[in-house]
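Please consider how the features of a model may be read from its atoms. The dialogue below takes them in turn.

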Amino acid sequence: MSKEFAMRALSVLVPFALLATALPAYAGTITIEGRGEVRAAPDMATINSGVTSQGATAREALDANTAAMNELIAALKEAGIEARDIQTSGFSVNPNYVYSDARDENGYSLPPRINGYQVSNAVTVVVRDLTDLGAILDKSVTVGANTVNGVSFSVADPSDLLDEARKAAFAEAREKAELYAGVAGATLGDLVSITEQQSYGAPQPYPMYARAEMAASAPVPVEAGEMSFAISVNVSWELDNTDN
């Protein structure tokens, strides 16, 4: 090998050697879960209510139900509920069966007989001003709603709340990752990946069963409480070994 060729080879290898000593050695990856949670009061509610009517015939039950539902919907609109916030969510016509212990001459039970019909019609109502919720529940029962299946609360636009939860979740993940990396004699390198999961926690919908004597009662007391908006993230980083 000539002296000139050896010098050229050395001039190429030396920068690579210096670069290798300047860069920390790769020590693998670390994946950590972080969780962030933000709590806030709801600003809207959803009610599922309706009317169940009885009649000797299906037609009779339907006519009675239609009249009561028209009155209910009119009352909701009078209370300030917009048409877009009232949606039919259930309708059914069913016979009422009467069962008997009687048996035929062969000892078999007699089939049930129809004793009238039942018609049920339900609407889902969005209440955007929670100060009106108790009065709307009371008014609904007053005008004929005899089924209130539940009230659920929500936040109309949770975007900002979720963003705050994301920031908290990432900060927690990074804090734990830096702790583990330090214990392992490494530092966090480049970010590899982030995945998230959302979860909402709210007061559960509670059933309400209307009775005729509620018509003269005071507005229904309602407590909205708070909702939680939580984000869980799994974050991965490269680890750089500080011992090399």
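**Reading a predicted model**

Q: How does Lys-139 count at 30% relative accessibility: buried, partly exposed or exposed?

A: Buried means under 20% relative accessible area, exposed over 50%, and partly exposed in between (1.4 Å probe, protein chains only). Lys-139 has 30% relative accessibility, so it counts as partly exposed. This is a predicted model, in which local features need pLDDT of at least 70 and side-chain atom pairs count only at pLDDT 80 or more, while totals for chains, interfaces and linings use all residues. Residues are numbered from 1 along each chain as its sequence is written, and side-chain values use heavy atoms, with hydrogens and water left out.

Q: Where is Lys-139 found, and which residues does it touch?

A: Contact means heavy atoms within 4.5 Å. Helices (H or I, at least four residues) and strands (E, at least two) are DSSP runs, numbered from the N terminus. Lys-139 belongs to helix H3. Not counting residues up to four places away in sequence, Lys-139 touches Ala-75 and Glu-78. Lys-139 and Ala-79 lie 60 residues apart in sequence, yet 8.5 Å apart in space, C-alpha to C-alpha.

Q: How many residues has the largest nonpolar core, and which have the most contacts inside it?

A: In soluble globular proteins, nonpolar side chains tend to be buried together. A nonpolar core is a set of buried Ala, Val, Leu, Ile, Met, Phe, Trp, Tyr and Cys residues joined through side-chain atoms within 4.5 Å. Here the largest has 24 residues, and Ile-47, Leu-72 and Leu-133 have the most contacts inside it. Two or more residues come from each of strand S2 (44–55), helix H2 (58–78), strand S4 (113–127), helix H3 (133–142) and strand S5 (147–154). H2 gives the most to this core, with five residues.

Q: Which strands run antiparallel to S4?

A: Two strands pair if DSSP finds at least two bridges between them. S2 and S4 run antiparallel and are joined by eleven bridges; Ile-47 stands opposite Val-125 in S4. Eleven bridges also join strand S3 (residues 86–98) to S4, again antiparallel, and Ile-86 stands opposite Val-125.

Q: What should helix H4 span, and which of its residues are buried?

A: The expected span of a helix is 1.5 Å times one less than its number of residues. The 25 residues of H4 (residues 159–183) should therefore span 36 Å, and the end C-alpha atoms are 37 Å apart, which agrees. The buried residues of H4 are Leu-161, Leu-162, Ala-165, Ala-169, Ala-173, Ala-177 and Ala-181.
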